[in-house]
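Biologist: Here is the next model to go through. Start with the terms, then the helices.

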Amino acid sequence: MISRPDSASVTSTRPAHIRSRKSFDHSPMLVFYELTRACDLVCLHCRACSQEQSDPNELATKQSKLLIDQLSEFPDPPMLILTGGDPLKRSDIYELIEYAVASGIDVSITPSPTPLVNRDSIRRLRDAGISRMAISVDGADAATHDATRGVAGSFDHSMKMLRIARELGVQTQINTTLTPGNVEQIEAMGDLFGTLDIALWAAFFLIPVGRATDMQRLNADQCEEAFARLRAQARVQPFMLKTTEAPHFRRYVIQNQSKQTDAAPRGFISAGVNDGKGVMFVSHTGEVFPTGFLPIHCGDFPSDNIVDVYQNSPTFRMLRDSDRLEGKCGVCEFRNLCGGSRARAFGVTGNPMAEEPDCNYIPPAFHGTAPCPPLAPPPAFSPA
């Protein structure tokens with residue numbers, strides 16, 4: 001998917017509209033709309049557990065347009081990210097993009113790198129008004145990437161599509177899910193991606209959700225090592241770089257930034273974006289969640305207005321309240337700019353306000369308090 005920004009990098013060709021942290025109480029920066037669960041890939045870390053056929057209950061064209069209409073009701077209309085599954089499996093994809101763009105909404109898309117993404121479809125996306133296309137690349141070579149994606153030839157096709165998009169003038173982004181299986185390729189991936197004229201490299205840090213529930217993720221020390229290497233890449237590569245579901249990268253950058261000589265990585269703006277805080281996710285059937293990685297049900301579109309859900313849902317309001325963070329995150333001096341991944345906290349402990357499981361930083365105010373104990377994820381979460 002187009003990356004949810006842990007920094008405030010955005011998915012638009014226009015200058016970033018950088019909002020204050022407080023304004024996230026009334027408007028998200030990004031709304032992800034999962035158009036469909038249909039997809040021809042079988043990625044090991046798929047959040048959505050995508051399937052071959054479309055769900056007959058997915059929102060129809062008319063409902064999708066109503067969803068777009070409601071985005072305009074936010075005080076600061078967000079950017080719309082069309083994701084899936086594979087959004088190109090929807091026959092009305094170009095119609096929906098044109099409708100959103102005509103409504104004044106910036107639209108980006110995260111198609112799966114299958115034969116559906118080709119010169120003709122990229123040209124049609126461009127002509128419909130798409131702002132950016134994100135392609136997932138999970139390794140510096142075909143063997144690493146194709147093993148993750150479950151389809152031989154996926155890596156070569158991704159490289160080809162990125163080059164075609166450049167030829168057609170479509171801005172691109174690469175998403176990479178970092179795991180123990182590819183983290184040693186950070187430098188090699190950076191060098192490769194530097195040849196592709198991309199706008200942004202988004203490094204995703206694994207959340208145990210969907211098919212990724214049993215996958216091995218980077219531990220806290222490995223995350224710190226990855227942060228150092230990513231930050232080094234941000235200094236030498238021509239693209240912007242950011243993390244997704246690793247807000248503690250912000251803390252790392254701030255701690256390791258020299259006041260006089262060391263600027264933050266390009267793309268790094270400490271806006272405090274986090275799950276449910278500047279971000280909203282609408283599923284293919286209209287279920288509303290803080291993000292696609294945090295499966296706490298907060299409402300149902302179209303019976304619920306998405307503006308009302310974002311602004312007033314107890315879960316969204318809780319997630320935006322750093323005073324309700326627990327464990328070491330609750331006393332951390334970086335809790336407003338970082339706050340830890342709420343999705344990972346929930347995926348590991350069942351408690352969305354628990355401390356970030358994969359952060360090794362101990363705040364000075366944390367005087368040996370025992371961390372939040374693991375909990376079994378409840379059937380349905382209800383915030384206090």
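Modeller: Contact means heavy atoms within 4.5 Å. Helices (H or I, at least four residues) and strands (E, at least two) are DSSP runs, numbered from the N terminus. The model is predicted: local features need pLDDT of at least 70, side-chain atom pairs count only at pLDDT 80 or more, and totals for chains, interfaces and linings use all residues. Residues are numbered from 1 along each chain as its sequence is written, and side-chain values use heavy atoms, with hydrogens and water left out.

Biologist: OK, H7 and H8. Which residues in H7 meet H8?

Modeller: Cys223, Glu224, Phe227, Ala228 and Arg231 do, and their partners in H8 are His248, Phe249, Arg251, Tyr252 and Val253. Nonpolar covers Ala, Val, Leu, Ile, Met, Phe, Trp, Tyr, Cys and Pro; charged covers Asp, Glu, Lys and Arg; the others, Gly among them, are polar.

Biologist: At what angle do the axes of H7 and H8 cross?

Modeller: Roughly 65 degrees, for H7 at residues 220-236 and H8 at residues 248-255, and the axes come within 10 Å. Axes are lines fitted to C-alpha atoms, for helices over the stretch in contact, with angles from 0 to 180 degrees between N-to-C directions.

Biologist: Left-handed or right-handed, when H7 passes H8?

Modeller: H7 passes H8 in a right-handed crossing. Right-handed means the near helix is turned clockwise from the far one by less than a right angle, left-handed anticlockwise.

Biologist: Now H1 and H2. How far apart are their axes?

Modeller: They are 10 Å apart, and H1 (residues 61-71) packs on H2 (residues 93-102) at about 25 degrees. That angle makes H1 roughly parallel to H2. Under 35 degrees counts as roughly parallel, over 145 as roughly antiparallel, 65 to 115 as roughly perpendicular, and the rest as oblique.

Biologist: What touches what between H1 and H2?

Modeller: From H1, Thr61, Ser64, Lys65, Ile68 and Asp69; from H2, Glu95, Leu96, Tyr99 and Ala100. By class, the contact of H1 with H2 has 4 nonpolar, 2 polar and 3 charged residues.

Biologist: And how do H3 and H5 cross?

Modeller: Their axes come within 10 Å and cross at roughly 45 degrees, with H3 spanning residues 119-128 and H5 residues 154-168. So H3 is oblique to H5. Arg119, Ile122, Arg123 and Arg126 of H3 make the contact with Met161, Ile164, Ala165, Glu167 and Leu168 of H5. That contact holds 5 nonpolar, no polar and 4 charged residues.

Biologist: Backbone next. Which residues does a cis peptide bond join?

Modeller: Gly84 and Gly85, with omega about 25 degrees. Gly85 sits in the loop between strand E2 (79-83) and H2. Phe301 and Pro302 are also joined by a cis bond, with omega about 10 degrees. Pro302 is in the loop between strand E10 (299-300) and helix H9 (306-312).

Biologist: What is phi of Asp197?

Modeller: Near 55 degrees, a positive value in a residue other than glycine. Asp197 lies in the loop between helix H6 (186-193) and strand E6 (200-205). Most residues other than glycine have a negative phi.

Biologist: Last topic. How many cavities does a search of the whole structure find?

Modeller: It finds 5 cavities of 30 Å³ or more. A cavity is a set of points, on a 1 Å grid over the protein atoms alone, where a 1.4 Å probe fits but cannot get out; lining residues have an atom within 4 Å of a point. The second largest cavity holds about 100 Å³ of space. Its lining is 14 residues, with Cys329, Cys332, Cys338, Gly340 and Cys359 nearest the centre. That lining has 7 nonpolar, 3 polar and 4 charged residues.

Terms used:
On a 1 Å grid over the protein atoms alone, a cavity is a set of points where a 1.4 Å probe fits but cannot get out, and a pocket is an open set with protein on both sides within 12 Å along at least five of seven lines; lining residues have an atom within 4 Å of a point. Grid points are joined across faces, edges and corners, and a volume is the space filled by probe spheres set on the points.
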